[in-house]
Amino acid sequence: MKRSFLKHIPRIVGLLFLYAAIGKLGYPVQAVAALESLGLTRAPAEAVVFLTIGIELYLGVILLLHLDLKWGLSASMGLMFLFALFLGYLSMMSRPPSCGCLGLGAVFDSAQH
């Protein structure tokens, strides 16, 4: 039972990456605006968001289809570690911007725009 569950973890992580990428594709403006509120100008913020979308789509597909699990899982761990560092940075800010996740910017609106 345990072994059969463990072999599905790459597919679960792949679905998570695909869900995140599709969410950003649907609402890229919120992610760009969140990066702009951290001090990035529009062009680099858009580049970071669309690069992230591309990486998430790529990792999602290779993990979902089990194409290169060793590299895919390693890259996924690295990307999630960078995301955790970014969340840690945001949590240390006195007035963090809204994350704008999946169009929920109005729900979790910060006083800083």
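This is a predicted model: local features need pLDDT of at least 70, side-chain atom pairs count only at pLDDT 80 or more; totals for chains, interfaces and linings use all residues.

Mentor: Residues are numbered from 1 along each chain as its sequence is written, and side-chain values use heavy atoms, with hydrogens and water left out.

Trainee: How many helices and strands does the protein have?
Mentor: There are 5 helices and 0 strands, where helices (H or I, at least four residues) and strands (E, at least two) are DSSP runs numbered from the N terminus. The order of elements from the N terminus is α-α-α-α-α.

Trainee: What makes α3 and α4 oblique to each other?
Mentor: Their axes come within 9 Å and cross at roughly 125 degrees. Axes are lines fitted to C-alpha atoms, for helices over the stretch in contact, and angles run from 0 to 180 degrees between N-to-C directions. Angles under 35 degrees count as roughly parallel, over 145 as roughly antiparallel, 65 to 115 as roughly perpendicular and the rest as oblique. The angle of roughly 125 degrees falls in the rest, so α3 and α4 are oblique.

Trainee: Which hand does the crossing of α3 and α4 have?
Mentor: The crossing is right-handed. A crossing is left-handed if the near helix is turned anticlockwise from the far one by less than a right angle, and right-handed if clockwise.

Trainee: Which residues make the contact of α3 with α4?
Mentor: Pro28, Ala31, Val32, Leu35 and Glu36 of α3 meet Arg42, Ala45, Glu46, Val48, Val49 and Phe50 of α4, contact meaning heavy atoms within 4.5 Å. By class there are 8 nonpolar, no polar and 3 charged residues. Ala, Val, Leu, Ile, Met, Phe, Trp, Tyr, Cys and Pro count as nonpolar, Asp, Glu, Lys and Arg as charged, and the others, Gly among them, as polar.

Trainee: Which residues of α3 are buried?
Mentor: They are Pro28, Ala31, Val32, Ala34, Leu35 and Ser37. Buried means under 20% relative accessible area, exposed over 50%, and partly exposed in between (1.4 Å probe, protein chains only). What covers the buried residues of α3 includes α2, α4 and α5. In the protein, buried residues make up 26% of the 113 residues.

Trainee: Why is leucine 65 called exposed?
Mentor: Its relative accessible area is 53%, and that value is over 50%, so leucine 65 counts as exposed. Leucine 65 lies in the loop between α4 and α5. Glycine 14 is 51 residues away from leucine 65 in sequence and 8.5 Å away in space, C-alpha to C-alpha.

Trainee: Why is histidine 66 called partly exposed?
Mentor: Histidine 66 has a relative accessible area of 27%, which lies between 20% and 50%, so the term is partly exposed. Histidine 66 is also in the loop between α4 and α5, and its phi is near 55 degrees, a positive value in a residue other than glycine.

Trainee: Where is leucine 38 placed?
Mentor: Leucine 38 is in the loop between α3 and α4. With a relative accessible area of 23%, leucine 38 is partly exposed. Leucine 38 and leucine 90 are 52 residues apart in sequence and 9.3 Å apart in space, C-alpha to C-alpha.

Trainee: What makes α2 and α5 oblique to each other?
Mentor: The axes of α2 and α5 come within 11 Å and cross at roughly 50 degrees. That angle lies between 35 and 65 degrees, so α2 and α5 are oblique. α2 passes α5 in a left-handed crossing.

Trainee: How many aromatic pairs are there?
Mentor: The count is 1 aromatic pair, by the rule that rings of Phe, Tyr and Trp (its six-membered ring) pair if their centres lie within 6.5 Å.

Trainee: Why is the pair of tyrosine 58 and tryptophan 71 called edge-to-face?
Mentor: The centres of tyrosine 58 and tryptophan 71 are 5.9 Å apart, with 70 degrees between the planes. Planes under 30 degrees apart count as stacked, over 60 as edge-to-face and the rest as tilted. The angle of 70 degrees is over 60, so the pair is edge-to-face. The pair links tyrosine 58 in helix α4 with tryptophan 71 in helix α5, 13 residues apart.
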